[in-house]
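Biologist: I have the sequence and the model open side by side. Please take me through it and give the cut-off behind each term as it comes up.

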Amino acid sequence: MLLDGQQAPSHPWEPTSPVLKRMLEETGLFQVDQVTSPPVGGDFSNFKPEFTKYQAVLLNYDTTDDQWPASLKASFEQYVRNGGGLVVYHGANNSFPEWREYNLMIGIGGWRNRNEKSGPYWYFKDGKLVSDNSPGNAGSHGARLPFQLVVRDSDHPITKGLPKIWMHAPDELYARLRGPGENMKVLATAYSDPANAGTGRDEPILMVLSYGKGRIFHSVLGHDLNAMSCVGFITTMQRGTEWAATGKVTQKVPAGFPTADTVSLKASYIPAPERRAPAQKKK
Ligand code: ZN
């Protein structure tokens, strides 16, 4: 289930949901139903998604409101607790700052008045995940530039076989995320460069968590269609979703995966205006 329907102005779901659906279905492993909730302020009385019909729920859901009825929240919590897979994509970690169980599922989040009451900051220091209780707001990013991901756990099925360091396409590098961080393993970090409004820390970028029997994959990547055309983004979403759904990854690392210093975009995903003119034929 690809769940969307609410958005902050910076994260419209209409352009991104078809791209997420396509990248999952083209693996041949998934059949994706797009389920769209009422918009902010809409009537939720008849919105009862059948979570249990699905092996995984992918949230393309950055809501600025907190209007899910208690029964909907309870059914979602029960689904994940009983072993449902969950994929948290980019701005979904901005949502629901006050919903405790949701924050246990995502581990860390940003914005929407999150601060030290939401939990500590989490980042890598001297090669290890640390928490930091210092006060302050949660969530920041600099300009969209390419940045390197550093794989911190190469034994996990999602990251197994990926290069230790790879260059991601221009994207928001989320930093200063805070949250409970329970049952969370950070698979990859990125250095948040002070020269680009960053923290000078190695920030969590790809994570896995558990909530009850549920498996959760959380990727902070993929702000826009350009970032989503990165072979590294596509591959980690495909593998992370398979893992959330089944606990395994059967997909091979594709040819053309980015290297430590070269961005690699999947040509058919590059948004049309930015697509490069085909190379001139030599005579
Ligand atoms: Zn964003």
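Biologist: Is H218 buried or exposed?

Modeller: H218 lies in strand β11; strands are DSSP runs of E with at least two residues, helices are runs of H or I with at least four, and both are numbered from the N terminus. Buried means under 20% relative accessible area, exposed means over 50%, and partly exposed covers what is in between, with a 1.4 Å probe and protein chains only. H218 has 0% relative accessibility, so it counts as buried.

Biologist: Before we go on, which atoms do the side-chain values use?

Modeller: This is a predicted model, where local features need pLDDT of at least 70 and side-chain atom pairs count only at pLDDT 80 or more, while totals for chains, interfaces and linings use all residues. Residues are numbered from 1 along each chain as its sequence is written, hydrogens and water are left out, and side-chain values use heavy atoms.

Biologist: Which residues is H218 in contact with, leaving aside its neighbours within four places in sequence?

Modeller: Contact means heavy atoms within 4.5 Å. Leaving aside neighbours within four places in sequence, the contacts of H218 are V88, N93, I106, I108, I205, L206, M207 and L209.

Biologist: Which residues does V186 touch, not counting those up to four places away in sequence?

Modeller: V186 has its place in strand β9. Its relative accessible area is 5%, so V186 is buried. Not counting residues up to four places away in sequence, V186 touches F124, L129, R152, D153, P204, L206 and M207.

Biologist: Which residues are the protein donors of the zinc ion?

Modeller: Donors are N, O and S atoms within 2.8 Å of the metal (3.2 Å for Na, K and Ca), and sites may look incomplete because water is not among the atoms. Here the donors lie 2.0 to 2.1 Å from the zinc ion. Along the chain they follow the spacing H-x78-H-x81-E-x50-H. The donors are H11 (NE2), H90 (NE2), E172 (OE) and H223 (ND1).

Biologist: How many residues apart are H90 and H223?

Modeller: H90 is in the loop between β4 (85-89) and α3 (100-106), and H223 is in the loop between β11 (214-219) and α4 (225-228). H90 counts as buried at 1% relative accessibility, and H223 counts as buried at 9%. The pair links distant parts of the chain, 133 residues apart.

Biologist: What is the geometry of the zinc site?

Modeller: Four donors count as tetrahedral if all angles lie between 85 and 135 degrees; four count as square planar and six as octahedral if opposite donors are over 155 degrees apart and all others between 65 and 115; anything else is irregular. The four donor atoms of the zinc ion make angles of 93 to 156°. The site of the zinc ion is irregular.

Biologist: Which residues make the contact between α1 and α5?

Modeller: The axes of helix α1 (residues 13-25) and helix α5 (residues 231-246) come within 9 Å and cross at roughly 70°; axes are lines fitted to C-alpha atoms, for helices over the stretch in contact, and angles run from 0 to 180 degrees between N-to-C directions. Angles under 35 degrees count as roughly parallel, over 145 as roughly antiparallel, 65 to 115 as roughly perpendicular and the rest as oblique, so α1 and α5 are roughly perpendicular to each other. The contact is made by L20, M23 and L24 of α1 with F233, I234, M237, Q238 and T241 of α5.

Biologist: Which residues is Q34 in contact with, leaving aside neighbours within four places in sequence?

Modeller: Q34 is found in strand β2 (residues 34-36). With a relative accessible area of 36%, Q34 is partly exposed. Its contacts, leaving aside neighbours within four places in sequence, are L2, D4, W13 and S17.

Biologist: What is phi of W111, which is not a glycine?

Modeller: W111 lies in the loop between α3 and β5 (121-125). At 24% relative accessibility, W111 counts as partly exposed. Its phi is positive, at about 65°.

Biologist: Is N183 buried or exposed?

Modeller: N183 is found in the loop between β8 (165-171) and β9 (184-191). Phi of N183 is near 50°, a positive value in a residue other than glycine. The relative accessible area of N183 is 54%, so N183 is exposed.
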